[in-house]
Amino acid sequence: MQYCGVFCSSTANISISRSNASVRTVFVQRLPWMRILTPHGNRMTSRGVVYYRTLNKDIDDMKTTIYALVFVALGSALQAQGSTAVLPNINLDASLEVTAADLRAHVEWLASDELEGRGTGTPSIDLAAEYIAREFLRYGLQPAGDNGTFFQTFDVITGAQSSGNSLAWQSGGESTTLDSTQFMPYAFSASGSFTGTPVYAGYGIVATGEDIDDYAGLSVEGRVVIVRSGYPDDVNPHGSVPVLASVRGKEVTAREKGASALLVIMEEGKSISGLKYDGSPARTGIPVGRITAAAARRLLTAAGVEGKIDGEFKKGPAARGPMAKGIPARESGSMEVQGRFNVDLIRKQTRNVLALLPGSNSDGAEGVFVIGGHYDHLGWGGHGSLYRGEIPMIHNGADDNASGTAGVLELAQYFTANPTRHSLLFMAFSGEEMGLLGSGHWVNEPTIERSRVRAMYNLDMIGRLPVATRRLNVQGIGTSPVWKELVNKFNDAENFDLALIEDGHGSSDHSSFYSKDIPVLFFFTGLHTDYHRPSDDAHKLDYKGQEEVVRYIAEIVEASDALESIPFTRVKKTEKQKVSRFNVYVGTIPDYGYSEGFKITGTSPGSPAEEAGMQDGDILLLFGTTEISSIYDYMTALSRHKPGEEVPVVVRRGEDEITLTVKLVSK
Ligand SMILES: [Zn+2]
């Protein structure tokens with residue numbers, strides 16, 4: 001949707017068949033009456049009108065009619081946006097100020113079991129989306145999503161499903177068929193049929209720098225490669241081996257060697273559990289599955305693999321026995337493995353919720369401040385959860401990030417009574433826990449012109465201000481020269497122990513904006529032991545502290561609004577920040593929302609990637625001699641090089657394929 005200033009008609013944005021006139025009036029006026037009409041944020045039914053009438057008998061009939069129409073319009077507006085949700089009767093206070101009571105009310109609903117942890121792509125998160133939209137509407141904000149709605153819809157991959165898999169072999173006239181308790185494809189496996197003689201390749205690791213080659217002397221072209229999981233204890237855990245020893249890493253190696261499929265032997269005694277999606281939609285190039293130790297032993301025995309097999313598939317120093325050296329299956333070809341793996345990614349739609357509050361002197365071309373926070377969380381756990389219990393539990397995500405969502409709502413309400421010069425765009429993002437997907441989607445497909453965004457404020461986990469230390473993390477200080485003075489100035493009254501971090505990149509939605517050269521500030525009250533666990537509950541939050549944080553943010557937004565400009569600066573990484581498992585440092589910033597290959601959203605300042613001329617949107621095709629079809633190929637490629645090497649890199653940029661040269665440095 002195009003930017004819509006205060007004087008444009010909102011009827012273009014909301015399709016309501018009845019009462020167009022009153023709705024237009026209401027939106028231009030920013031719904032000043034709504035504060036009277038819904039002092040308690042009641043469910044929007046005609047009940048509210050009756051309530052109002054009985055309390056305000058002096059209102060003339062015409063106005064009452066308009067109020068009634070406004071109520072109809074509010075209900076219709078949400079219905080026009082596909083809402084069928086029945087939302088609760090939240091008891092909010094009438095104040096337009098940021099209050100602990102309102103923050104608590106929002107958090108308690110958003111983090112209630114009814115919303116089942118707001119997992120992206122689940123029906124429950126839609127309740128949260130409807131709730132946020134209803135609040136935006138109640139405050140009189142303009143829809144700022146797709147087609148005049150409060151919602152911006154996008155696709156996400158939420159998991160994988162698999163059925164109809166088979167794995168069998170024939171040996172000496174006998175055929176053996178495994179059942180689903182004995183093998184299972186990985187969630188990231190390619191789908192397809194495969195055949196081939198089996199070959200055992202130890203750990204399946206080739207790490208030239210560390211003198212490990214489990215494929216030495218093996219010919220695996222067109223064969224089914226069987227490897228054990230993990231890596232031996234006697235290798236450097238900080239070197240390249242752990243990456244190469246991941247299942248994805250082993251698949252890259254096996255695929256490059258020409259294998260038709262890869263089977264990874266599970267640890268002794270472990271049984272097959274369900275398909276576990278690892279949060280990355282990148283698929284492997286060949287079918288990859290796991291097989292129980294017992295079933296693998298049968299297969300390897302049938303294939304004539306020599307050596308001691310019993311008790312071999314355990315972690316520990318003893319693991320580096322003859323089995324680890326890659327004893328080939330007999331080459332007779334008399335035995336053939338046949339299999340079929342079917343894995344389908346589950347695609348769902350999810351929604352960012354967006355609303356615009358036009359600036360007081362807005363003429364349609366003014367700047368915009370984005371105030372955002374993600375409203376999704378981990379649902380019932382799964383990828384990203386730190387919970388290790390057996391019984392599935394709802395991850396309510398009160399601090400992460402019902403707290404930030406509540407902050408965004410309270411700021412939206414506050415600013416309706418405290419207008420800013422520039423417009424404010426309030427955003428509740430989905431898909432954050434799956435890799436900043438909602439904010440990443442918005443910056444790539446913005447619903448207003450991105451060039452108008454002056455700065456972005458991100459609220460993620462702001463509900464647990466430590467009482468003793470009052471420590472508040474503010475990140476992104478280095479993304480504009482104006483930030484440091486601002487955040488310190490307003491801290492005089494608040495007396496937070498500010499932990500200021502320069503970097504604009506981090507594991508939350510501000511990162512998406514920073515990667516598009518937008519100044520950012522990220523507010524965060526710190527990690528705790530309930531983080532990403534089912535125990536992140538509403539009663540653990542300090543709402544008074546949260547209120548102080550949100551008021552502090554409001555002051556910073558107001559002061560930013562008064563500034564002539566907010567220049568953007570990129571933050572030079574310090575050596576310490578270049579955290580990497582590799583010896584080499586390149587400085588690419590991956591686009592985790594892109595599933596068709598390895599795409600970058602930018603480069604770190606002064607990094608080899610920047611010096612090589614890599615750009616936002618480049619898709620890497622080749623790194624040295626390694627073909628890149630996912631971030632895992634890229635990680636494998638990195639582990640194959642040393643600092644100081646000049647490596648040719650082929651990227652696709654638009655229609656072109658460009659070869660660049662990256663001079664690797666040490667991390
Ligand atoms: Zn989180």
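1. Histidine 539 lies in the loop between β20 (520–524) and α15 (543–562); helices (H or I, at least four residues) and strands (E, at least two) are DSSP runs, numbered from the N terminus. The model is predicted: local features need pLDDT of at least 70 and side-chain atom pairs pLDDT 80 or more, while totals for chains, interfaces and linings use all residues. Residues are numbered from 1 along each chain as its sequence is written, and side-chain values use heavy atoms, with hydrogens and water left out.

2. Histidine 539 counts as exposed because its relative accessibility is 61% (buried is under 20% relative accessible area, exposed over 50%, partly exposed in between; 1.4 Å probe, protein chains only). Its C-alpha is 9.5 Å from that of valine 107, at a sequence separation of 432 residues.

3. The zinc ion has as protein donors Asp400 (OD), Glu433 (OE), Glu433 (OE) and His532 (NE2), at 1.9 to 2.4 Å. Donors are N, O and S atoms within 2.8 Å of the metal (3.2 Å for Na, K and Ca); water is not among the atoms, so sites may look incomplete. Aspartate 400, in helix α10 (residues 398–417), and glutamate 433, in the loop between β16 (423–429) and α11 (437–444), are 33 residues apart and link distant parts of the chain. Aspartate 400 counts as buried because its relative accessibility is 2%; glutamate 433 also counts as buried, at 17%.

4. An open sheet of mixed pairing comprises five strands in the order β5-β12-β11-β10-β7; two strands pair if DSSP finds at least two bridges between them. The edge strands, β5 (183–185) and β7 (198–200), each pair on one side only.
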